[in-house]
Structures are given as structure tokens and as C-alpha cells.
Amino acid sequence: MKITKDIIESHGLKLDEYSKIKQLLDREPNYLELGIFSAMWNEHCSYKSSKVHLKKLPIKNKNVIQGPGENAGVIDIGDDDAIIFKIESHNHPSFIEPYQGAATGVGGILRDIFTMGARPIALLNSIHFGDPNNKKTKNLLNGVVSGIGGYGNCIGIPTVAGETKFHKTYNENILVNAMAVGLANKKKIFYSKAKGINKAVVYVGSKTGRDGIHGASMASAEFDENSEDKKPTVQVGDPFTEKLLMEACLELMKKESIISIQDMGAAGLTSSSVEMAHKGNLGIELNLDKIPCREENMSPYEMMLSESQERMLIILEDGKENEAREIFKKWDLDFVVIGKTTDTKNLSLKFQKKIVATIPIDALSSKAPLYDRKWSKKKLSKKKTNIKELKKIKFDEAFFKILSSPNHSNKKWVTEQYDQMVMGDTIERSGANAAVIKIHNKDKAIAVTVDSSANYCKSHPLSGGKQIVSESWRNLISVGAKPIAITNCLNFGNPENPEVMGEFAENILGVKEACEFLDYPVVSGNVSFYNGTNNNNIFPTPVIGGVGLIKNLKKIQNHRFKKIDSKILIIGKTFGHLDQSVLINEMYNVNDGIPPEVNLLNEKNNGEIVLKLINEGFVNSVHDISTGGIILALAEMSLSSQIGVKILKPKKLSNIFEYFFGEDQSRYVVEVDKNNYFKIEKLLKDNNIYFENIGVTQKDSFELDKDLKTSVKELYEINNKWYNNFNGLIS
Amino acid sequence: MNSTVIVFPGSNCDRDVATALTKLQFKNKMVWHKDNNLPKSDLIVIPGGFSYGDYLRSGAIAAKSNILKEVIRAANSGCLILGICNGFQILIETGLLQGALLRNRSLKFISKDVYLKVINNDNKFCKNYKKNNIINLNIAHNEGNYFTQKDHLKELEDNALIPFKYCDKEGSINDNNNPNGSINNIAGILNNKKNILGMMPHPERMIDSLISNTDGIGLFNSILN
């Protein structure tokens with residue numbers, strides 16, 4: 001077949017990229033080879049627009065065993081235990097087919113974890129939808145939530161935390177990010193690097209079908225009005241087969257037979273085989289007649305580009321084939337030797353006794369295009385919102401409206417569709433500051449959380465980058481964990497647009513600054529560009545997944561008030577920053593100004609002192625303060641414990657809106673016993689920590705100064721009504 | 001006491017049940033679904049999960065498996081059988097327990113902690129609970145909406161074959177605290193001989209106060225004594 005301009009463009013390649021292919025091959029590629037280049041050179045697989053920026057991120061601290069570049073990041077949590085984790089996007093497929101898109105997002109991220117030798121122990125997600133009034137939202141929301149649940153519940157990994165948010169920026173491009181966390185023995189971690197020539201390359205798992213062909217290329221372009229036609233590029237998930245594959249791989253990993261192993265994710269067989277050969281500086285030869293196919297007459301092109309799920313590629317030690325085959329037979333899975341490693345440094349494909357493709361591995365990997373795209377610095381809004389100039393809204397009205405808004409109403413209608421308890425080690429579930437998972441049969445736990453702040457990142461990408469890392473850190477501190485490392489999922493618009501690229505570049509700098517200061521490095525992640533439709537780019541929405549360690553199970557803390565008549569302290573200073581707050585954005589629909597500044601020194605000092613208070617046993621409950629300010633933090637503490645509060649606003653800020661709704665950073669609410677108060681006051685003063693004593697807990701009634709008095713029961717009703725009305729449910 | 005946990009390829013609560021049994025001093029063995037022999041056991045547990053994927057009706061394929069023939073044989077000779085969640089669905093499909101488990105009334109998967117009232121404790125699974133005890137266990141299922149015919153329902157009620165019903169914190173049993181639409185708020189049932197219990201809630205998830213609570217221990221301890 002003659003390669004025409006149309007064919008090149010339909011593969012998502014630019015003409016100059018095609019010239020580069022010809023130059024690297026020293027000839028024209030055939031159609032199959034073009035398909036393979038398109039699969040490897042698209043944004044999703046090659047990171048061609050993001051690499052120059054990602055290099056700036058800190059990737060090491062004393063706990064990091066493996067940083068970015070492998071299937072997932074690995075950290076040391078002591079006693080030979082390692083935690084392996086990563087977050088990944090499945091935005092484009094989920095918009096086209098919400099159930100399968102979300103389900104296979106979960107399946108894909110789980111494979112990244114168990115490929116490395118970890119048994120997955122927790123799933124998290126961050127999902128963003130358009131305006132609830134947008135006609136697509138309801139269907140997308142219900143499809144995505146049941147897809148996430150459908151996969152995780154069946155395979156039996158608890159879904160323990162997440163966030164569900166709404167904003168019109170996602171009307172035509174939702175975000176579905178899934179994170180998986182696994183536990184491994186740090187001496188038995190498996191990598192994708194091939195070693196040795198003439199080693200058997202084995203295909204295991206599901207059969208290959210025609211689903212998901214060009215999935216990664218589809219995810220590397222914007223949507224337009226014909227996006228519905230892309231449905232065939234969405235993969236179909238089978239969690240039961242994934243469960244079999246997981247158990248079979250983990251069983252094989254107990255033996256000494258695997259040289260390297262790689263899951264077939266985006267760009268399927270192509271990327272997995274190229275990745276293994278590239279890392280090992282080897283060649284790889286595959287006989288496509290051997291590929292287990294689900295459908296008849298599949299062409300080499302279809303086999304190489306299929307993104308059928310639940311498949312793995314393994315390179316075995318000599319003489320271990322039978323041992324390995326027996327294990328996969330036990331689990332009723334395909335196990336076929338489809339090729340071998342070679343010293344040619346080529347990807348070489350045979351089909352029906354002919355060589356159908358020969359491509360140098362480095363042309364697909366290290367020589368893939370890299371772009372330092374043009375970017376422009378964000379022009380920051382100089383406006384400041386003056387609350388006194390806005391139309392008057394009653395304090396209690398504003399509070400109730402926010403508490404019952406889609407973004408801040410109770411999310412149990414989401415989390416109750418996820419099995420949070422399977423595996424029997426979930427200590428803190430969804431709705432907590434961070435989820436806490438016990439390490440099975442050990443006296444320690446990990447804390448995990450996901451966070452994003454698209455409004456902040458849109459109005460000030462640099463500051464927003466710092467804020468999301470800091471909020472993640474704060475969430476882990478609040479449950480008594482020492483934060484260790486993060487994974488990030490960077491959801492942005494079209495990188496060919498200099499403003500979008502600027503948002504990306506500046507945001508990375510913000511993330512970098514906070515990660516360095518807090519010793520909280522990035523060990524894995526994923527970039528998703530081209531989130532937008534018809535030139536409308538989404539708000540920059542980086543999502544941070546954080547992992548921390550709790551060494552002593554007795555020191556786990558949560559945000560539920562414990563007692564009546566405890567004192568309530570705010571650690572950290574309240575300035576009353578309202579620009580980009582929930583109050584101003586959602587109540588007044590004003591988007592001027594910049595988000596609150598993050599002072600990393602205060603962040604660190606305040607966090608460390610809260611951790612010390614928890615470890616000394618001085619606090620009854622802790623909650624970090626984030627969107628919605630002090631009032632929402634207090635409401636969440638009351639709602640989860642059914643204990644009320646009586647608060648007096650300190651005199652220094654005259655405006656109650658600024659005091660209670662301000663979103664200044666680095667703050668925590670802590671509940672302390674009156675008996676401990678003087679010890680705590682001394683500790684805080686000795687460490688120069690700013691704090692305010694703002695009131696006490698009380699039975700039933702939620703009272704703020706003279707401006708609000710209601711019952712916790714009423715708050716509960718307000719907080720719970722939105723979804724039922726939205727979805728037309730009775731109960 | 002010897003216990004056996006049946007492991008299907010898609011079981012996912014097998015480890016959790018084994019952890020509970022071992023913690024409570026059962027001598028436990030795991031048995032793979034392809035095995036044809038059961039070790040000598042006083043209790044056989046069919047755990048939660050998705051047996052063979054359950055893309056067909058939940059438990060339908062598992063009910064026809066080799067190992068289930070052995071379980072049925074053991075059940076008929078009086079061995080105690082406990083089916084939890086998917087295990088309950090499988091027991092229904094084998095006919096060891098009667099009725100049907102339909103999709104939840106909300107047509108959604110439901111996972112949450114629910115209150116249960118101990119309606120009948122005059123059986124080997126519940127004797128350590130007091131009658132009318134209110135306990136808090138976790139549910140996690142898509143098809144837990146129990147249904148049966150009038151005659152059988154009357155038999156269940158009259159013969160003390162309903163150990164647990166869904167209720168609220170205070171113990172009142174009505175439609176508002178029925179999570180899945182089960183007839184008469186039924187959360188679990190026994191066979192006539194009272195040696196087989198099928199229940200949707202997961203007692204094995206409630207054996208540790210750090211994780212959740214200890215309300216599930218009563219069930220395992222009843223069996224032990």
C-alpha cells in the first residue's frame with residue numbers, strides 16, 4: 001500500500017515526523033511499520049512534549065527504590081516491604097464509553113502494579129465531570145462510577161479514596177484518573193529490562209481482539225463532533241481474567257524464572273516488546289502466527305496495535321518454560337512462546353513465513369521526536385475581590401448552599417458503589433483526610449490520598465502546583481502518616497497551544513518546588529494532553545497521589561470529633577484569602593484574582609508540629625483545612641461524628657466570610673482535651689507555631705459566633721440531598 | 001475444629017475468611033475448585049467474590065463445579081456450611097438453600113456497613129449472639145435482593161430459619177433500612193436442618209476493632225463452641 005499524506009495524518013503523525021521515520025529507516029515504511037511508529041511516537045507513549053519539563057522534578061529521597069521510567073514507582077517502608085504505586089489517566093476512552101473506559105482504566109493501572117511483583121492493596125481515583133446540568137453529565141457520571149466499581153469490586157481490591165468533582169470546563173472532556181497501590185517484597189521486584197539473547201518471549205493472558213486499536217493515538221488528539229465514532233478504539237475490560245492473570249503472575253514470581261515482565265497497556269504488543277528490548281539494549285523477534293487471537297483473520301497490523309486488555313509479555317530464563325506453563329494452565333490462561341530476544345537491536349516481525357516489519361528499536365524509543373514546545377507565561381489576574389462590594393448574601397445561606405452543592409455534598413452515593421473493605425485491612429475509608437490501609441499481618445499502615453485544585457492551577461499554575469503537593473502532604477499528616485512520595489497525573493489541554501504549554505511548564509515548576517522543600521519526590525506518573533474539544537482546553541488539572549507511612553498503628557488519627565467540651569484549635573494563620581475560593585467561585589460566580597500563596601516553610605513547620613501532636617497523643621481529632629475554609633472543615637468533622645461546635649471568631653479579622661471561608665494554606669483544625677491544653681500551648685509556642693483557640697465541641701448544635709446556629713442533623717440533611725434529587729432516586 | 005475454605009478462581013474474600021478462621025483458632029485448609037476431594041471438615045465456607053466471573057447469573061457456574069458436588073455431599077451428611085455473599089448466591093444456585101438473589105433494588109452495587117438484628121439464635125451459627133442483638137456488618141454486593149415464594153417465606157419465618165434481618169441502629173425493621181430490597185428485610189437464611197447458612201453480610205470483615213468492629217466474631221465463636 002502506498003503511504004499517502006492522508007494515511008500519515010490519519011495515524012496522528014505530522015509530515016515532518018514522517019520524514020524523520022524515512023530517515024531513520026533509510027526507506028519508506030510499510031503500512032504495518034507506519035502503524036507501529038504512530039503507536040510509539042504519539043504523545044501518550046512518547047511523552048514527546050512533556051519530557052523536557054518532567055526532567056526537572058525531584059525523583060529521589062532515602063525511601064525511593066525506583067523512580068519514574070518503570071511501570072510504577074517503588075518506595076521502601078521498612079522490614080523488606082516495598083510499596084509500588086502509580087496513577088494513570090483514562091480520560092478519552094471514558095468520555096466515549098464511560099463504563100468500559102473507566103473499568104479498563106482501573107485494569108490498566110492494576111497491571112502496572114502487579115507486573116512489578118506487588119499484590120495490589122488499594123485503589124483510588126480522581127474523576128472530574130462537566131456541569132451537572134449538562135445533558136451528558138448524568139450518564140457519564142453513572143457510567144464511570146459503575147465502571148470503576150465493576151472492575152475493582154470483581155477483582156477484589158478495595159477502592160478506598162478518591163475525589164468526584166464537577167466544573168463546566170469538563171463538559172466535553174471528562175477526566176478519569178485511577179491510582180493503584182501494591183505491596184511487594186523489596187528483594188523481589190520485577191522490571192521490564194530484557195537480559196540475554198535467545199531468551200523465550202512469552203505471551204500470557206487474554207486473547208488478542210480488534211478492540212482498542214489506535215487507543216493511544218486517539219488519546220493523543222483533541223475531540224471534535226465526530227468523537228462518538230471513536231467508540232471502537234475503546235477497550236473492553238474483563239476483571240475476572242485480570243484476577244486470574246494477577247494470581248498467575250504473582251504465583252510465577254515466587255519462582256526464579258522471570259527475567260523481565262511487562263504488561264501490554266497502551267499500544268499493546270508493540271509498546272511492551274519495544275520497551276523490554278529498549279531497556280535491555282537488545283532486539284526482539286516475534287512470530288505473529290503464534291499470537292492467540294480472539295477473532296479470525298487478524299492482520300499483523302491489528303495484532304500489533306490492538307489494546308485488548310489483560311495481557312502480559314514475559315521473558316523467561318532458559319529451561320523454565322514448563323514450570324511457568326503449568327501455572328498459567330492452572331489459571332486457565334493462554335501461555336504461548338511468541339518469539340525471542342536477539343542481538344540485532346531490531347523489532348522484527350514474522351507472519352506466514354515472511355518478515356513483515358523490521359524497525360530499529362532505538363527509532364521507536366530513544367530516537368522518537370522530542371519537543372521543547374513554545375510556551376508563554378501565565379498573565380496573572382491583578383484584580384482583587386472585595387467581599388464588601390459583592391451583592392449581599394446571608395452567611396448561613398452561603399454555607400448551606402455550598403454544603404449542598406454538587407462539589408461539596410456527601411459523596412457516599414459514589415463510594416457506596418465501591419467495595420472498600422475487601423482484603424480486610426482498610427482502617428480509614430473514603431471521606432477521611434486520607435485512606436489508611438494496614439499492612440497485612442504487620443503492625444504498620446500506609447496512608448494514601450489523591451488531590452487536585454483545577455481552579456487554583458488555572459488562575460496561577462505555579463502556585464497551584466505548589467498547593468496540590470502541599471495539600472496532599474497535609475492530608476497524610478492529618479491521619480498521622482509521614483509523607484514519603486507521590487505519583488502525578490498531569491491532565492492538560494493541547495500542548496501545541498503555547499498558553500497550555502505554559503500552564504504545564506509553570507505547574508511543573510510549582511510541583512517541583514514543593515516536592516523538593518517537603519522531601520516528597522515524584523516516583524511515577526502519567527501525562528495526558530489534548531484534553532479538550534474543538535480548541536476548548538480544559539483547566540489544567542494535575543492530580544497528585546500521595547503515599548505515607550504510619551509506623552505505629554496506635555498513632556492513627558482521623559477527623560471525627562471524639563468528645564463534647566474539647567477545645568478546638570486552628571494551627572496556622574488565617575488571613576482570609578477569598579480569591580479563587582469556593583465561596584467566590586461558586587456563590588458569586590467570580591473568577592478574578594489568584595489563589596492563596598503557599599508558604600512552604602509554614603507548610604512544613606505546621607505539618608511537622610501536627611504530626612508531633614498526634615504522636616504525643618495530644619489530639620483527639622485532626623482535619624486539614626482546604627477548599628471551603630474553616631467552616632467546611634468544621635462541618636465535615638461534625639457530620640462524621642454527630643458532635644457539634646461552638647465557635648467564636650477571633651477579633652482580628654472583621655469579616656466573618658473572610659474568616660470562615662478564606663482558603664489560606666497550611667492550616668489544620670485540631671480537637672484537644674482541655675486537660676492537655678497548657679502542654680499543647682507551650683509546645684506550639686516553643687516552636688513558634690501560630691495558632692488560635694476558637695471554641696469547643698458541644699452536643700448536637702453547630703454554632704458559629706452570632707451568625708449561624710443550626711443542628712448537626714440539619715447539616716446532615718443539607719449535605720445529603722443533592723445526588724438523590726439529581727438522579728431522581730427515592731431512597 | 002477443622003474448617004475448609006473453597007477457593008474459586010474469582011473468589012476474593014477467601015483470604016479474609018481464612019484470616020478470620022485462623023485468628024479464632026480453627027484449623028483451616030484452602031481447597032482449590034478443581035480438586036475432587038474435601039479434607040475432613042466440621043465447617044465448609046464458600047467465600048465472597050466472583051467465582052467464575054459471574055457474567056452469567058451469580059454463582060450459576062460455580063454450582064456445577066466438581067468441588068460443589070463434594071460440598072453438597074458433605075452438607076447432606078450434616079457438615080456445617082457457611083456461604084457468604086457470593087457463597088450464599090452459590091448455595092442458592094445449588095438448591096441447598098431455596099429462593100433467589102435478585103439484583104439490588106437500586107440496580108447499583110452497594111457496599112456499606114449495615115445493622116442487622118439477630119432474629120433467631122437457636123442454631124449452631126448464632127448461639128453466641130443473644131436474640132434481638134443488633135450487630136453491625138459490612139455488605140458489598142450487586143445481587144443481594146433475596147426473594148422467595150410465600151409458602152417458603154412462611155416456612156422460614158415459622159421455623160426460625162431467618163437468623164438475620166436488616167434493621168436500623170435501634171433495631172426497627174422496615175423498608176427504610178432495607179439496603180437491597182430483600183423480602184422481609186432478610187439478610188441470611190438457614191436450611192431446614194439448620195446446618196447450612198447463607199448470608200449477604202460479611203462477618204469476616206468485622207473481627208478487629210482497629211479495622212471496623214468485632215461483631216462478626218460471635219458467628220465464628222458460635223460455630224466453635
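Predicted model: local features only at pLDDT ≥ 70, side-chain atom pairs only at ≥ 80, totals over all residues.

Biologist: At what angle do helix α8 and helix α10 of chain A pack?

Modeller: Helix α8 (residues 137-155) and helix α10 (residues 239-253) of chain A pack at about 40 degrees, and their axes are 8 Å apart. The crossing of α8(A) past α10(A) is right-handed.

Biologist: Which residues make the contact?

Modeller: From α8(A) come A:Gly150, A:Tyr151, A:Cys154 and A:Ile155, and from α10(A) come A:Pro239, A:Phe240, A:Glu242 and A:Lys243. By class, that is five nonpolar, one polar and two charged residues.

Biologist: And how many residues does each chain bring to the contact between chains A and B?

Modeller: Chain A brings 24 residues and chain B brings 20. On the chain A side, α8, α10 and β14 (426-428) each give two or more residues, with α8(A) giving the most, at five. That side divides into eleven nonpolar, eight polar and five charged residues.

Biologist: Is A:Asp425 buried or exposed?

Modeller: A residue is buried if 20 or more other C-beta atoms lie within 10 Å of its own. A:Asp425 has 25 such neighbours, so A:Asp425 counts as buried. This residue sits in the loop between α16 (412-415) and β14 of chain A. Beyond its neighbours within four places in sequence, A:Asp425 is in contact with residues including A:Ile121, A:His440 and B:Ile211.

Note on methods: Residues numbered from 1 in each chain as written. Chains lettered and ligands numbered in written order. Axes fitted to C-alpha atoms, helices over the stretch in contact; angles between N-to-C directions. Helix = DSSP H or I, 4+ residues; strand = E, 2+ residues; numbered from the N terminus. Left-handed = near helix turned anticlockwise from the far one by under 90°. Contact = placed C-beta atoms within 7 Å. Nonpolar A, V, L, I, M, F, W, Y, C, P; charged D, E, K, R; others polar. Buried ≥ 20, exposed ≤ 12 C-beta atoms within 10 Å, placed from the backbone.
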